[in-house]
Amino acid sequence: MTLAEDLSQVLIIGLDQEVFALPATLVRDILEVGEITPLPTAPAFVGHLVNVRGRVVPLADLRLRFGMTSAVATVDTRMVVLEVMIDHEPTLVAVLADKVYEVAQLDTVVAEEVPKIGTRWRPEFARAIGKRHSAFVMVLDIDRIFAPDDTDLTVSP
């Protein structure tokens, strides 16, 4: 499967003033933010647990992972539940999104390599750059974001 085929459907989300895409094949649910339980021994960006339909799931704040400041939840804030591979095991995780826009198809995948300059966050967390309605969209590399051996990449606010 080519990268373009793998990214034929993406979930468009907003973090701060930026727009990102998640491969739709990873998305299992989109929920309003409910009760959050702190998890003090975890890396800063995954410092909470949530109940997702009876299952305890780690909640990641991508804003912290990307070096942005954390934000207070609003009426638009959502938890996007993803199934990712962690230590070769399918694992449910939830990520906070300031806003969920839509499931869409990228017009094209313009680059598989993200420039090292010009972004407020680490380019290693992007898998590709896509184009949607003549605007660039960063497609997140969820495996890289949640890689256990990369906790040193966590940026504290």
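View 1. Thr77 sits in the loop between α2 (62–65) and β7, where helices (H or I, at least four residues) and strands (E, at least two) are DSSP runs numbered from the N terminus. The model is predicted, so local features need pLDDT of at least 70 and side-chain atom pairs count only at pLDDT 80 or more, whereas totals for chains, interfaces and linings use all residues. Residues are numbered from 1 along each chain as its sequence is written, and side-chain values use heavy atoms, with hydrogens and water left out. With a relative accessible area of 8%, Thr77 is buried, a term that stands for under 20% relative accessible area, against over 50% for exposed and partly exposed in between (1.4 Å probe, protein chains only). A polar atom of the Thr77 side chain lies 2.8 Å from the backbone nitrogen of Thr74. Apart from neighbours within four places in sequence, Thr77 is in contact with Val33, Leu96, Ala97 and Asp98, contact being defined as heavy atoms within 4.5 Å.

**View 2. The open sheet of 6 strands.** The strands follow the order β3-β7-β8-β6-β5-β4, and their pairing is mixed; two strands pair if DSSP finds at least two bridges between them. Because β3 (27–32) and β4 (36–38) stand at the edges with a single partner strand each, one side of each is left without a neighbour in the sheet. On average, and with direction ignored, neighbouring strands of this sheet are turned by 35° against each other, the axes being lines fitted to C-alpha atoms. Within the sheet order, β7 is listed beside β8, and these two strands, residues 78–86 and residues 89–97, pair in the antiparallel sense over 9 bridges. Met85 stands opposite Pro90 in β8.

**View 3. Val50 and the residues around it.** Val50 belongs to strand β5 (residues 48–52) and is buried, its relative accessible area being 4%. Not counting residues up to four places away in sequence, Val50 touches Glu35, Ile36, Arg55, Val56, Val57, Leu59, Met79 and Ala94. The C-alpha atoms of Val50 and Val93 are separated by 9.3 Å, although the two residues are 43 residues apart along the chain.

**View 4. Aromatic pairs, of which a search of the whole structure finds 3.** Rings of Phe, Tyr and Trp (its six-membered ring) pair if their centres lie within 6.5 Å, and planes under 30 degrees apart count as stacked, over 60 as edge-to-face and the rest as tilted. The ring centres of Phe20 and Phe66 are 5.5 Å apart and their planes stand at 45°, so this pair is tilted. Phe20 lies in strand β2 (residues 18–23) and Phe66 in the loop between α2 and β7, so the pair ties together parts that are 46 residues apart in sequence. Both Phe20 and Phe66 are buried, and together with Phe125 they form one aromatic cluster.

**View 5. The pair of Phe45 and Phe146.** The rings of Phe45 and Phe146 have centres 5.9 Å apart and planes at 50°, so the pair is tilted. Since Phe45 lies in the loop between β4 and β5, and Phe146 in the segment after α3 (142–145), the pair ties together parts that are 101 residues apart in sequence. Phe45 is buried, as is Phe146.

Key:
Axes fitted to C-alpha atoms, helices over the stretch in contact; angles between N-to-C directions. Polar contact = N/O pair within 3.5 Å; in protein donor to acceptor, adjacent residues only side chain to side chain.
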